[in-house]
Amino acid sequence: MTRHGRRDAEFTAYLEARQPSLLRTAYLLTGDRHQAEDVLQTSLAKLYLAWDKVNDRASVDAYVRRIMVNENNSLWRRAWKRKEHATEVLPESPHVDAYDEGRSAALWEVVTSLPPKARAVVVLRYYEQLSEAETADVLGISVGTVKSQCSRAIAALRERVPADLHPGRPEEDR
């Protein structure tokens, strides 16, 4: 097998094993299925181009997460992304068949109200369950910055979470 054939086989095996998890991470970063697919596709294309340069195969996930965070942040910087369109009627929210009393969708709506960098910290720390050091490494920031961003994000979430979703509040406060 040629060098390029081995490279393609390794990359294909990696994709088959990790693509669903990476798509979930992209969705959590973007909050939109279509945008998540775009971010993931661009990130995987960049990974493919750099595949031979990634010497430590154990750190490929961290490398791809970093690419996804950077790609998502660069999407927010583009001028066409900032255009807002006013409408008279709000679009219908998607129907979720699983019964959860609406808590997960309502909570996710609050998480998506965070700024992109704070959302990235929350997604990596709590949804992806990375350590503070791993999160700092993926985002290219210090552990202290992860801690402060996370603290501010959690405080903002506590303020924004509706009373019926806040498990720590006593019943009389609700």
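Predicted model: local features only at pLDDT ≥ 70, side-chain atom pairs only at ≥ 80, totals over all residues.
Residues are numbered from 1 along each chain as its sequence is written, and side-chain values use heavy atoms, with hydrogens and water left out.

The protein contains seven helices and zero strands, where helices (H or I, at least four residues) and strands (E, at least two) are DSSP runs numbered from the N terminus. Of its 174 residues, 34% count as buried, a term that denotes under 20% relative accessible area, with exposed meaning over 50% and partly exposed lying in between (1.4 Å probe, protein chains only). The protein exposes about 11500 Å², of which carbon and sulfur atoms supply 53%; accessible areas come from the Shrake-Rupley method with a 1.4 Å probe, and for residues only the protein chains shown count as cover. Among contacts (heavy atoms within 4.5 Å) with a separation of 6 or more, 61% join residues 24 or more positions apart.

The largest nonpolar core has 39 residues, and those with the most contacts inside it are Leu-47 and Met-68; such a core is a set of buried Ala, Val, Leu, Ile, Met, Phe, Trp, Tyr and Cys residues joined through side-chain atoms within 4.5 Å. At least two residues of this core come from each of α1 (3-30), α2 (33-50), α3 (60-77), α4 (103-111), α5 (116-127), α6 (132-139) and α7 (143-160), and α1 gives the most, with eight residues. When neighbours within four places in sequence are left aside, Leu-47 is in contact with Phe-11, Tyr-14, Val-54, Val-60, Tyr-63, Val-64 and Ile-67.

Asn-72 is placed in helix α3 and counts as buried because its relative accessibility is 2%. With neighbours within four places in sequence again left aside, Asn-72 is in contact with Leu-29, Thr-30, Gln-35 and Val-39.

The axes of α6 and α7 come within 8 Å and cross at roughly 100°; axes are lines fitted to C-alpha atoms, for helices over the stretch in contact, and angles run from 0 to 180 degrees between N-to-C directions. The two helices α6 and α7 are therefore roughly perpendicular to each other, a class that covers 65 to 115 degrees, while angles under 35 count as roughly parallel, over 145 as roughly antiparallel and the rest as oblique. In this pair, Glu-132, Ala-133, Thr-135 and Ala-136 of α6 meet Val-143, Val-146 and Lys-147 of α7.
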